[in-house]
Amino acid sequence: MTEKLRTCLLITCFVLLVSFDLAANAPVRIDIIYASTMTNIGENPHGSYAQLSEMVKSGREQNENLVFLFGGGSLGPSALSSLDRGAHIIDLLNSIEPDAYGIGKREFSYFEDELSLRAYEAAFPMVVTNVFDPIVNDNLDGLHKSLIIEKQGVRIGVMSVVAESVTNEYGLKRAEVLPIKSAIEQEASYLRAQQVDIIILMYSTASEVVDTALHQGTIDLALRKDEHYELARSNLADHHNGNLILTDADTAFHISFLWEHRRPVDFEYRELSLLDFDSEETVADQETTYLFRAERLMQRAFATLEVPINTRRASVRSEETRIGNLLTDAMLAYTDADIALLNGGNIRGENSYPEGTRVTRRMVSDTLPYRNRIALVQLSGEQLYQVMEHSVSAIDESKGRFLQVAGLSVEYDPNNPPGSRIINLKHDGISVKPTQTFRVAMTDYIANGGDDFSMLTKVPRLTFNNRQGALLSEVFVVYLAKNPSLAPQLESRIVSRAEQ
């Protein structure tokens, strides 16, 4: 090799090394779009998947380093999910291509095996960090504990956690929800060992652990959507700036990081409304197809309302309602029980229906999207008191455990401490005695301990003359067919002393 050629090669190598070094240290902008909790499809006041698709498409055109995170909370409940258990949501998201899907509590609406099926249908990774399945001695089949996404040399670790209350709230059959704190710390330690530059946590239920993890640097960013969230003044000092919470149904976060030398030097975020985006054609066509298929089933009418009713969350979780009376009367008639109980969290839709409304399959599915079945149990009067105490134990928090009732009248004082709020229980106008026994209809959800009704898990199960294990929605349809004119009234079944 001549001296001239050797010199040229050395110069070329030097230029390449300098170029690589400059490229490695050049500023890199990473954009993140975060959306979550979209149970309904098609045009609606909160935005559609077609509009979300256009938002993500636009973001990717502006920056190839865009990461799209979907925070879950969408496989149920909805009218269409009651038919396919959320498979249509996965199909729509397959077209939008999230980088990661964070599991929220609603993903357990149809239990563990259905969630695993959805994970195998997904063309994207679904992540939950703190769930353990003893059958496989690992995470639920098909799900990831965490994920590493790399964009132009920047390594992003992604985790997602669900609240420990999911076990009882959703009546999980075998999966265990591990403590959030230890799960976050353990998986974050693993991700740091993999040389990630930032750790993002998606979560669906408020937890002090999240802010603590941010303050301690265990994680770097936390994302959540909660339309019912209100930040109490007393918590302002503890609320970390990296804990970002969407509170409007139609919004998504657009987050930008500027990186130099693999360190973030700038961070900003803004909220985007889905309603400001056009509908992307491919996904809009998918939504239309699903809605058209469902419409033929959903438009069949069974009965007519002679009085207005509403399914508002604030009502069904805090007071006697016409819809609650209607549903528990249907349960009573189907099982020939003494008493019927239905947790307010089972009633969905957030709708008001005026007098004259035709009760269609769609209305039934909107109101009862979960696939809960009817159960009949035997309770003593003492156990009935315990159940009703639990029903009103969190009345000021609008918890789903609040029970709508039939065959029972309840008087309680919300000013008394939890556990001593029931003033009187009456069955057929006579005060309930601790030693009495009652045949009580309810859903298998609370009979299995859902909504923390743990006192029901070991009580005797009974049979009844109609088909065993019928879905609550089916029982309601049977009742509607026999009662085509509906005029449920408020009958002082549930009375609060605070109202007197």
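Rings of Phe, Tyr and Trp (its six-membered ring) pair if their centres lie within 6.5 Å; planes under 30 degrees apart count as stacked, over 60 as edge-to-face and the rest as tilted. With that in hand, select Tyr49, Phe68, Phe70, Tyr101 and Phe124: ring pairs link these residues into a cluster.

Before going on, a word on the model. It is a predicted one, in which local features need pLDDT of at least 70 and side-chain atom pairs count only at pLDDT 80 or more, while totals for chains, interfaces and linings use all residues. Residues are numbered from 1 along each chain as its sequence is written, and side-chain values use heavy atoms, with hydrogens and water left out.

**Stop 1: the aromatic pairs**

The structure holds 9 aromatic pairs. Zoom in on Tyr101 and Phe124, whose ring centres are 5.9 Å apart with planes at 15°, so the pair is stacked. This pair links distant parts of the chain, 23 residues apart: Tyr101 lies in strand 3 (residues 100–102), and Phe124 in the loop between helix 5 (111–121) and strand 4 (126–127). Helices (H or I, at least four residues) and strands (E, at least two) are DSSP runs, numbered from the N terminus.

Are these two residues buried or exposed? Tyr101 is buried, at a relative accessible area of 0%, and Phe124 is buried too, at 6%. Buried means under 20% relative accessible area, exposed over 50%, and partly exposed in between (1.4 Å probe, protein chains only).

Now select Phe257 and Trp259. Their aromatic pair is tilted, with 6.1 Å centre to centre and 45° between the planes. Phe257 is buried at 7% relative accessible area, and Trp259 is buried at 2%.

**Stop 2: a charge over a ring**

Go to Tyr290 and Arg293. The charged end of Arg293 sits over the ring of Tyr290, 5.8 Å from the ring centre. For this label, NZ of Lys or CZ of Arg must be within 6 Å of the ring centre and within 35 degrees of the ring normal.

**Stop 3: two positive phi angles**

Select Asp336 in the loop between helix 11 (322–335) and strand 16 (339–343). Its phi is near 55°, a positive value in a residue other than glycine. Asp336 counts as exposed, at 60% relative accessibility.

Then move to Asp452, in the loop between helix 14 (444–447) and strand 25 (461–462). Here phi is near 65°, again positive in a residue other than glycine. Asp452 counts as partly exposed, at 31% relative accessibility.

**Stop 4: Ser485**

Ser485 belongs to strand 26 (residues 485–486) and is partly exposed at 47% relative accessibility. Which residues does Ser485 touch, not counting residues up to four places away in sequence? Show Thr304 and Glu306 to see them; contact means heavy atoms within 4.5 Å. For a distance check, pick Asn424 as well: Ser485 and Asn424 are 61 residues apart in sequence and 33 Å apart in space, C-alpha to C-alpha.

**Last stop: the whole protein**

Colour by secondary structure, which comes to 15 helices and 27 strands. Of the 500 residues, 51% count as buried. Among contacts between residues at least 6 apart in sequence, 74% join residues at least 24 apart.
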